[in-house]
Amino acid sequence: MPIFLDSSITSEIKKFHKMGIIRGITTNPTIMFKDGVTGGMDGIKERSKEIADIVKPYPVSVEVMTNDRDGMIQQAKEFSKWATNINIKITAHGPNGELVNFEVVHELEKVHNIRVNTTAMMSAQQCFLAALAGSTYVSIFGGRVNNMGYNCCDEIQKLRTAIDDFDLKSKIIVGSTREVLNTIEWLNAGAHIVTIAPKLLEGMIVHPYTKETVQMFLSDAGKIKSMLNK
Ligand code: E4P
């Protein structure tokens, strides 16, 4: 399941899903806001259900909208009922380093049987601990790591080694794509999944030299066709 789409735009999701090249969707409140989701929690529910229906049985990550302990649990329970393929994003900690989040991850996975994608992580060590807490997916934000001046490939390699060595079940998702090159580079470094912005996925498909080559085929095909008609 190497490629997820990092988007909540249903037309983009349908387009790539029909091609058979995506195996899941990731969203977050910022993506939903940028993608024009309105109508409060009802709007989020409606869009999430729509996305889940398009790609089922592939997974869709929907993030909680609070960092309050009970609020996260309550929203996770509610969101995961919207569709069987919805899993819940919980950030690694709160905006001030609040430590309650791993406890929430652990409780959701072990007590409530809810699949969790622990998110907004910037290092192998954060992801390793989220994996130990029982998270189904651990998300490291590759582009943001690179923008801080570190090579995220080093973190991905270290993380994959630790996950394999300790036989942990978590799948590594690398998000925060910034360049077309990111996907192959990060999969090669050891990511199980890269979640890609729609524009970059399109950029992986379309190549200027392919365009030129196809144009050559079509114009030569036209020449042959016109010869047959003579
Ligand atoms: C991953 O699951 C996130 O949705 C996403 O990739 C975050 O990336 P950003 O750095 O573009 O916000």
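Student: How do the axes of helix α6 and helix α8 run relative to each other?

Tutor: In this predicted model, the axes of α6 (residues 124-132) and α8 (residues 152-165) come within 9 Å and cross at roughly 25 degrees.

Student: What makes α6 roughly parallel to α8?

Tutor: Angles under 35 degrees count as roughly parallel. The crossing is at roughly 25 degrees. Therefore α6 is roughly parallel to α8.

Student: Which hand does the crossing of α6 and α8 have?

Tutor: The crossing is right-handed.

Student: Which residues make the contact?

Tutor: From α6 come Ala-124, Cys-127, Phe-128 and Ala-131. From α8 come Glu-155, Lys-158, Leu-159, Ala-162 and Ile-163.

Student: Why is Cys-152 in no disulfide?

Tutor: A disulfide needs two cysteine sulfur atoms within 2.5 Å. The nearest cysteine sulfur to Cys-152 is that of Cys-153, 4.8 Å away. So Cys-152 is in no disulfide. For Cys-153, the nearest cysteine sulfur is that of Cys-152, at 4.8 Å, and Cys-153 is in no disulfide either.

Student: Is Cys-152 buried or exposed?

Tutor: Buried means under 20% relative accessible area. Cys-152 has 1%, so Cys-152 is buried.

Student: Why is Cys-153 called buried?

Tutor: Its relative accessible area is 10%. That is under 20%, so Cys-153 is buried.

Note on methods
Residues are numbered from 1 along each chain as its sequence is written. This is a predicted model: local features need pLDDT of at least 70, side-chain atom pairs count only at pLDDT 80 or more; totals for chains, interfaces and linings use all residues. Side-chain values use heavy atoms; hydrogens and water are left out. Axes are lines fitted to C-alpha atoms, for helices over the stretch in contact, and angles run from 0 to 180 degrees between N-to-C directions. Helices (H or I, at least four residues) and strands (E, at least two) are DSSP runs, numbered from the N terminus. Angles under 35 degrees count as roughly parallel, over 145 as roughly antiparallel, 65 to 115 as roughly perpendicular and the rest as oblique. A crossing is left-handed if the near helix is turned anticlockwise from the far one by less than a right angle, and right-handed if clockwise. Contact means heavy atoms within 4.5 Å. Buried means under 20% relative accessible area, exposed over 50%, partly exposed in between (1.4 Å probe, protein chains only).
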